[in-house]
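Let's take a walk through this structure together.

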Amino acid sequence: MTPAERDALAAEHALGLLEGAEAVRAARLAETDTDFAASVEAWRARLAEIDETATAVPAGDALWHRIEQRLGGEVHAARQHAALTERWLAVWNSLGFWRGAGLAAGAACLALAAGLFVLAARQPAPVLVAALLTDDNRVAAIVNIGADGRANLIPLADLPVPSGRVLEVWTLWDRARGPVSVGLSQRAQRLDLKVDDLPRAVPDQLFEITLEPAGGSPTGRPTGQILMKGVTARAL
Amino acid sequence: MHGVSDAARAALSVEETLRRVAGGDRGALRALYDAEAPRMLGVALRILRRRALAEEAVQDAFVQVWRNAGSFDPARGTGRAFLYAVLRYRALNILRAEARTDLNDAADHDVASEEEGPDAVVARLSEARALRRCLDGLDPHRRNAIVLAYAHGLSHGELAGRLGLPLGTVKSWLRRSLLALRECMS
């Protein structure tokens with residue numbers, strides 16, 4: 001892409017003109033490429049005055065109460081069971097999550113034990129933990145999310161990565177937007193996940209690792225085999 | 001409410017308010033609602049045209065802001081830009097989802113006929129500012145296309161339909177228009 005093409009893509013992203021694969025590509029660039037993100041911001045700033053021309057419409061207390069209701073007792077970055085149940089069901093249905101085998105009780109115990117172990121071993125203590133399970137229900141990695149929103153991945157099992165391939169970590173926080181890439185790695189190793197530009201993680205948020213071509217998925221969506229996956233749970 | 005007077009809340013900048021929201025201050029979120037929700041509803045209504053959908057977009061936006069105010073980086077843009085980016089993202093998502101299901105096509109057209117045209121939007125922009133000057137300097141069709149895309153959330157495909165031009169033509173034509181606009185504003 002030439003600089004002009006990149007800036008035009010940033011403009012189209014800021015305007016909201018893009019659909020489908022192009023929209024995904026631009027959203028991914030905005031997350032992973034600081035120059036591109038800056039171009040998008042610059043376009044937003046150029047066009048922001050158009051928002052100011054919209055006629056203000058009384059919003060009223062009823063709408064505020066609905067917002068409050070949705071937030072419930074949610075303390076910053078926390079729980080939203082209603083919305084989550086919906087999202088969780090969507091994950092369940094759309095990805096065939098936990099399909100077939102289901103979650104063996106032993107694996108659940110192991111996940112909990114592993115989570116607690118990691119919890120105890122790390123400072124500061126994570127507020128959310130996801131145990132990522134392989135197809136055969138082995139815990140192969142843990143995702144920790146701290147109170148400050150930072151997230152990291154700790155592998156618990158070595159993964160053979162063929163040459164020319166990488167491990168790509170994904171999270172799904174918005175079904176409409178689809179999975180978002182939060183990390184790339186040549187091999188199974190500790191990894192800080194790039195979640196800065198994403199909404200704070202919530203309970204029952206899906207994390208997964210796929211095998212992708214070097215440099216990461218060319219489409220911005222998981223294309224390779226899912227090696228492991230799991231959803232976040234609140235750490236006690 | 002929440003120990004902060006209306007006057008004091010109004011005086012807070014959007015940036016400062018977002019900082020407080022990021023710290024878990026529900027009163028600050030309410031202050032943001034009081035200050036910005038009417039305009040946000042107007043912006044969403046222009047895109048979605050139906051009140052119920054526009055309210056849904058504003059509601060989603062505030063929930064997102066509550067959860068993500070911490071990701072707002074003052075170095076990257078203004079607080080208001082952050083707020084409206086969240087809102088427009090939600091509104092466009094709802095718009096595209098509605099377009100796919102296409103349940104209320106006829107009703108939408110009724111509202112569409114009353115929609116504020118791009119000329120009216122441009123006329124409301126301050127003549128003292130670069131955006132107005134530079135939009136005025138563009139060919140009217142190009143100007144209208146940019147304003148329709150931004151204010152009403154039209155996609156490339158919808159613009160092509162409206163202008164009666166092939167999709168590829170509209171894309172490259174709009175790109176050139178946007179780059180000309182940037183040139184003029186720099």
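**A tour of two chains**

Start with Asp204(A), which counts as buried because it has 22 C-beta neighbours inside 10 Å, and 20 or more is enough for that label. Keep in mind that what you're looking at is a predicted model. You'll find Asp204(A) in the loop between strand 6 and strand 7 (206-213) of chain A. There's something else to spot here: Asp204(A) isn't a glycine, yet its phi is positive, at about 70°. Most residues other than glycine have a negative phi.

Now follow that loop back to the strands around it. Chain A has an open sheet of 8 strands, with antiparallel pairing. If you trace across the sheet, the strands come in the order 5-4-7-8-1-2-3-6. Which strands sit at the edges? They're strand 5 (180-185) and strand 6 (191-193) of chain A, and each of them pairs on one side only. As you step from one strand to the next, the twist averages 25°. In general, strands of a sheet pair through backbone hydrogen bonds.

Strand 3 (residues 151-155) of chain A is joined to strand 6 by 3 bridges, and the two run antiparallel. One bridge to look for pairs Ala151(A) with Leu193(A), which belongs to strand 6.

Time to hop over to chain B. How many helices and strands does chain B have? Of the 186 residues in chain B, 41% count as buried. Look too at contacts in chain B between residues at least 6 apart in sequence: 64% of these join residues at least 24 apart.

Chain B has its own residue with a positive phi. Arg49(B), which isn't a glycine, has a phi near 70°. Arg49(B) lies in the loop between helix 3 (26-48) and helix 4 (51-68) of chain B. Is Arg49(B) buried or exposed? Arg49(B) counts as buried, because it has 22 C-beta neighbours inside 10 Å.

Finally, see where the chains meet. The contact takes 50 residues from chain B and 39 residues from chain A. On the side of chain B that touches chain A, the elements giving two or more residues include helix 4, helix 5 (79-101) and helix 11 (167-185). Helix 3 of chain B gives the most to this side, with 10 residues. By type, the residues on this side of chain B divide into 25 nonpolar, 12 polar and 13 charged.

Terms used: Residues numbered from 1 in each chain as written. Chains lettered and ligands numbered in written order. Predicted model: local features only at pLDDT ≥ 70, side-chain atom pairs only at ≥ 80, totals over all residues. Pairing = 2+ DSSP bridges. Helix = DSSP H or I, 4+ residues; strand = E, 2+ residues; numbered from the N terminus. Axes fitted to C-alpha atoms, helices over the stretch in contact; angles between N-to-C directions. Buried ≥ 20, exposed ≤ 12 C-beta atoms within 10 Å, placed from the backbone. Contact = placed C-beta atoms within 7 Å. Nonpolar A, V, L, I, M, F, W, Y, C, P; charged D, E, K, R; others polar.
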